[in-house]
Amino acid sequence: MSGGTSHFYLGVDGGGTGCRARIEDVAGAVLGQGLSGPATTRLGVEAAWASVRRAVDAAIEEAGFGEAEIARIHAGIGLAGMRRKGAIEAFQALSHPFASIVFASDSDTACLGAHSGLDGAIAIAGTGSVGLGIVDGKHLRIGGYGFPISDEGSGADIGLNAVRAALQGHDGRIPQSALLTEVMRRFEDDPADVVAWMDGASATDYATFAPMVLRHADQGDAAARRIVQNAAAQIDMLVRTLFDQNAPRVTLLGGLSGPLEPWLSPDVRRRLKPADGDAVDGAIILARRAAEGRVAL
């Protein structure tokens, strides 16, 4: 446990799969870390905040902090879904024991972490896809309006195109391939089973096909290559649009960022910048700004 009267900084990244918390001192040394379950606004304010507190309490316990140290913590909290109307206000109304607290979207903290707090943007390719940035105090947003009307180039989009192509192959409209055969095998080669599955399938369900598509694409399957090339073209478009809107630097993030990057256009790959840090780093940047009286992203 650290003594003195200096500040401590808490960063939290809460998403749909889990929540991470980290406490650092003024020099950036990690004092404590904690994990918990999902912490997204879709769960409701109380459930999301309870998950945040479990992760934070674990970090506080590891740091060995008592009430005096907790009162010197400046907290930055990034949560999924924080862009929903009224979400920020609802969380700001919660009581807390810290010196200060600031809330933001997890995409904002991911962008801050990726560029060490400097202006820049991120293109996210995961179950969904979106381009986000912070430039001269203004927020950029490209796409990400939700599957199936948007989120082009995402895992869900790749899965949708794979299922669609599999049905086309089954009908003889396009040549069969190993990918299309494997997709239909999931449904016992029965289009009626595909339709029944579709009625209740979510974006996450469609995204489960993305690894299969990427595997077959790497093995040269023509249908898989077309799907992945189309997805990469959509991510190319996101990145180029972010640069067109004056983002000085762009980082590709998300679960599909690694597998898709080799399929991107050479000019886009050359312009991408590796991430400096993650969303927890970005949340700590928010906390440090709050300690300085600067809460603007």
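Which residue in β5 is the bridge partner of His74? The legends below take this up in a predicted model.

**View 1. The protein chain as a whole.** The predicted chain holds 13 helices and nine strands. Its C-alpha atoms fill a box of roughly 75 × 40 × 35 Å along the principal axes. Of the 297 residues, 50% are buried.

**View 2. Strand β4 and its cover.** Strand β4 spans residues 73-79. Seven of its seven residues are buried. In a regular strand, side chains alternate between the two faces of the sheet. Both faces of β4 are covered. One side carries Ile73, Ala75, Ile77 and Leu79, all buried. The other carries His74, Gly76 and Gly78, also all buried.

View 3. Strand β1 covers residues 8-14 and runs parallel to β4. Seven bridges join β1 to β4. Tyr9 has His74 as its bridge partner in β4. Strand β5, residues 100-105, also runs parallel to β4. Six bridges join β4 to β5. The bridge partner of His74 in β5 is Ser100.

**View 4. A patch of negative charge on the surface.** Four residues gather here: Glu188, Asp189, Asp190 and Asp193. Asp193 lies in helix α7, which spans residues 191-200. Why does Asp193 count as partly exposed? Its relative accessible area is 31%, and partly exposed residues fall between the 20% limit for buried and the 50% limit for exposed.

Technical notes
Residues numbered from 1 in each chain as written. Predicted model: local features only at pLDDT ≥ 70, side-chain atom pairs only at ≥ 80, totals over all residues. Heavy atoms only, no water. Patch = residues over 30% accessible without salt bridge, like charges linked within 9 Å, V, L, I, M, F, W, Y side chains within 5 Å. Areas by Shrake-Rupley, 256 points an atom, 1.4 Å probe, with all protein chains shown as cover. Salt bridge = Lys/Arg side-chain N within 4 Å of Asp/Glu carboxyl O. Lys, Arg positive; Asp, Glu negative; His and termini not counted. Charge placed at Lys NZ, Arg CZ, Asp CG, Glu CD. Helix = DSSP H or I, 4+ residues; strand = E, 2+ residues; numbered from the N terminus. Buried < 20%, exposed > 50% of the residue type's maximum accessible area, 1.4 Å probe, protein only. Pairing = 2+ DSSP bridges.
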